[in-house]
Amino acid sequence: MNSINILIVEDDQKMATILGDWFEMYNEKRESLFLSWETAGSVMTAIDRLMLPGIDVCLLDVNLPNGQGVGTVMKLLCASPETPVVVLTGDDSKELEAACRGVGRVDDYVRKSELGQGVDVSELVWKLHCAAQKFAWRSQIAVKYKQQMDRIREEKTTSSAMIAEKIEECRLE
């Protein structure tokens, strides 16, 4: 994966601009991974965008005008269950983090208060990259699993047909 297309879901335009500036600075310093991004200011706008192809990971603020807390995550994942999600929030409560992670499909969790202090742009990009990569691996595993199951079904059908043929031959003798 040499590029990641990120959907930043953030109602605070200033914060969305800061994130975009961070990603732009990251692109200027790095050669191995290129970031592109789009922004959505609400859950509904994000859901509309996720109905189209091209987004690798969603960076989701969970406190938006039309969604609060874990309900925001649930809305997004109900509409687009395969989308990798990294939560970004200004809420520092451990309860919200536990609830969001408890949904089971939140790939990572970042507090806005950590940005620029405990979490720099490289670490944020790493979290987004890992989330997108995990999704790609899950997809590959699902395809291989389906192929294996199809092969087993085909072999089983072939074996059943051969057994039925042998039984019929025995009856005719």
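**Notes on the fold: cores, salt bridges and cysteines**

1. Start with the cysteines: the structure holds zero disulfides, a disulfide being a pair of cysteine sulfur atoms within 2.5 Å. Bear in mind that this is a predicted model, where local features need pLDDT of at least 70, side-chain atom pairs count only at pLDDT 80 or more, and totals for chains, interfaces and linings use all residues. Residues are numbered from 1 along each chain as its sequence is written, and side-chain values use heavy atoms, with hydrogens and water left out.

2. Cys130 is in no disulfide either, with the sulfur of Cys58, the nearest one, 17 Å away. Cys130 counts as partly exposed, at 26% relative accessibility.

3. Now the inside. The largest nonpolar core has 22 residues, and Ile6, Leu19, Phe23, Leu59 and Leu124 have the most contacts inside it. By nonpolar core I mean buried Ala, Val, Leu, Ile, Met, Phe, Trp, Tyr and Cys residues joined through side-chain atoms within 4.5 Å. Strand E1 (3-9), helix H1 (13-29), strand E3 (57-61), strand E6 (85-89) and helix H5 (121-172) each give two or more residues to this core. The largest share, six residues, comes from H5. The element names follow DSSP runs, numbered from the N terminus: helices are H or I with at least four residues, strands are E with at least two.

4. Not counting residues up to four places away in sequence, Phe23 touches Ile6, Ile8, Leu35, Trp37, Leu59, Val121, Leu124, Val125 and Leu128, where contact means heavy atoms within 4.5 Å. Apart from this core lies another one, of 21 residues, including Val9, Ala46, Leu64 and Leu77.

5. Which residues of helix H2 (residues 43-50) are buried? They are Val43, Ala46, Ile47, Arg49 and Leu50. These residues sit on the same side of H2, because they cover an arc of only 160 degrees around the axis; the arc is that of the directions from the helix axis to the C-beta atoms. Their packing partners are E1, strand E2 (34-40), strand E4 (63-64) and helix H3 (70-79).

6. Asn27, in helix H1, is buried with a relative accessible area of 13%. Beyond its neighbours within four places in sequence, Asn27 is in contact with Leu33, Phe34, Leu35 and Trp37. Val87 lies in strand E6 and counts as buried at 0% relative accessibility. With neighbours within four places set aside, the contacts of Val87 are Leu60, Val62, Val73, Cys100, Val106, Asp108, Tyr109 and Val110.

7. On to charges: there are nine salt bridges, each a side-chain nitrogen of Lys or Arg within 4 Å of a carboxyl oxygen of Asp or Glu. In one of them, Lys112 pairs with Asp61, with the closest N and O atoms 3.2 Å apart. Lys112 is in the loop between strand E7 (106-111) and H5 while Asp61 is in strand E3, so this pair ties together parts 51 residues apart in sequence. Asp61 is buried, with a relative accessible area of 3%.

8. Lys127 lies in helix H5 and Asp108 in strand E7, so their pair ties together parts 19 residues apart in sequence. Salt bridges that share partners join Glu97, Arg101, Asp108, Arg111, Glu114, Glu123 and Lys127 into one network. Buried or partly exposed: which is Arg101? Arg101 is partly exposed, with a relative accessible area of 36%, whereas Asp108 counts as buried at 16% relative accessibility and Lys127 as buried at 15%.

Notes:
Buried < 20%, exposed > 50% of the residue type's maximum accessible area, 1.4 Å probe, protein only.
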